[in-house]
Amino acid sequence: MDILISGVGGQGTILASKILASAALIDGSSTARTGETIGMSQRGGCVVSHVRTEKTFSSYIPLGSAELLLSFELCEAARNIPQLKKGGSAVINTAQVNPITVSLGACTYDADTMKKYISENCNAYFIDANKIAAECGSVKSVNVVLVGAAYGLGLLDISKDALISALKKNVKPKFLDMNIKAFEAGADFAKSIS
């Protein structure tokens, strides 16, 4: 399975890719790979992570080939829709992080137009993952909420046991319970909208 994860620096995209790849390995994939493209700044720059769970020679997903897009921010979702294959799915956090051009007043952030574009070009699922993550203890668990939502929607070919094991392997022990709660909350929300 080819999964693209997009967001901005500091949102946990790279940790989400590690969790998914680790879970795929736990579930029996012998060749899970990840690769990242990181923007100019660590915090606030564009970040795209590629996760490939089947045998391949490259860590990067070819344009128009991803089966699933997990996006931590609406504008980044719109920017990465061309990466999805026809009929692909996207789980998108509705949180807004203004690009510098919006902050400077050079352009506007038109969330409705972006949602329309995304919905017209894939099977889109919108979720206020920031709100769910905050209710679970920290907005920093938004990445795990989105992974949980993708699982709850049946969009991942990875078992729940493997995902929980991957959380245990990749999340610091003091944050583990909160992240398991965030995963479950994302999965529960997804079941309520599917």
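Predicted model: local features only at pLDDT ≥ 70, side-chain atom pairs only at ≥ 80, totals over all residues.

Biologist: Understood. How do the residues lining the largest pocket divide by class?

Modeller: The lining of the largest pocket has eleven polar, eight nonpolar and three charged residues.

Biologist: How much space lies in that pocket, and which residues lie nearest its centre?

Modeller: The largest pocket holds about 610 Å³ of space. Its lining comprises 22 residues, and those nearest the centre are Gly-10, Gly-12, Leu-15, Lys-140 and Asn-143.

Biologist: Which elements give two or more residues to the lining?

Modeller: Those elements are α1, α6 (142–152) and α8 (173–193). The largest share, three residues, comes from α8.

Biologist: Let us turn to packing. At roughly what angle do the axes of α1 and α7 cross?

Modeller: The axes of helix α1 (residues 13–26) and helix α7 (residues 160–170) cross at roughly 125 degrees and come within 8 Å. That angle makes α1 oblique to α7, and their crossing is right-handed.

Biologist: Which residues make the contact?

Modeller: From α1 they are Leu-15, Lys-18, Ile-19, Leu-20, Ser-22, Ala-23 and Ile-26, and from α7 they are Ala-162, Leu-163, Ser-165, Ala-166, Leu-167, Lys-169 and Asn-170. By class, the contact of α1 with α7 has nine nonpolar, three polar and two charged residues. Leu-15 of α1 belongs to this contact and is also one of the residues nearest the centre of the largest pocket.

Biologist: What about α8: how does it cross α5?

Modeller: The axes of helix α5 (residues 129–136) and α8 come within 9 Å, crossing at roughly 140 degrees. The two helices are therefore oblique to each other, and the crossing is right-handed. In this contact, α5 contributes Ile-132, Glu-135 and Cys-136, while α8 contributes Met-178, Lys-181, Ala-182, Ala-185, Gly-186 and Phe-189.

Biologist: How many of those are charged?

Modeller: Two are charged, alongside six nonpolar residues and one polar residue.

Biologist: And at what angle do α5 and α6 pack?

Modeller: Their angle is about 110 degrees, and their axes are 8 Å apart. Angles of 65 to 115 degrees count as roughly perpendicular, so α5 and α6 are roughly perpendicular to each other. The crossing of α5 and α6 is right-handed.

Biologist: Which residues meet there?

Modeller: Ala-129, Asn-130, Ile-132 and Ala-133 of α5 meet Val-142, Val-145 and Leu-146 of α6. The contact of α5 with α6 has six nonpolar residues, one polar residue and no charged residues. Ile-132 takes part in this contact and also in the contact of α5 with α8.

Definitions and conventions
Residues numbered from 1 in each chain as written. Heavy atoms only, no water. Axes fitted to C-alpha atoms, helices over the stretch in contact; angles between N-to-C directions. Helix = DSSP H or I, 4+ residues; strand = E, 2+ residues; numbered from the N terminus. Parallel < 35°, antiparallel > 145°, perpendicular 65-115°, else oblique. Left-handed = near helix turned anticlockwise from the far one by under 90°. Contact = heavy atoms within 4.5 Å. Nonpolar A, V, L, I, M, F, W, Y, C, P; charged D, E, K, R; others polar. 1 Å grid on protein atoms, 1.4 Å probe; cavity = no way out; pocket = protein on both sides within 12 Å on 5 of 7 lines; lining within 4 Å. Points joined across faces, edges and corners; volume = space filled by probe spheres on them.
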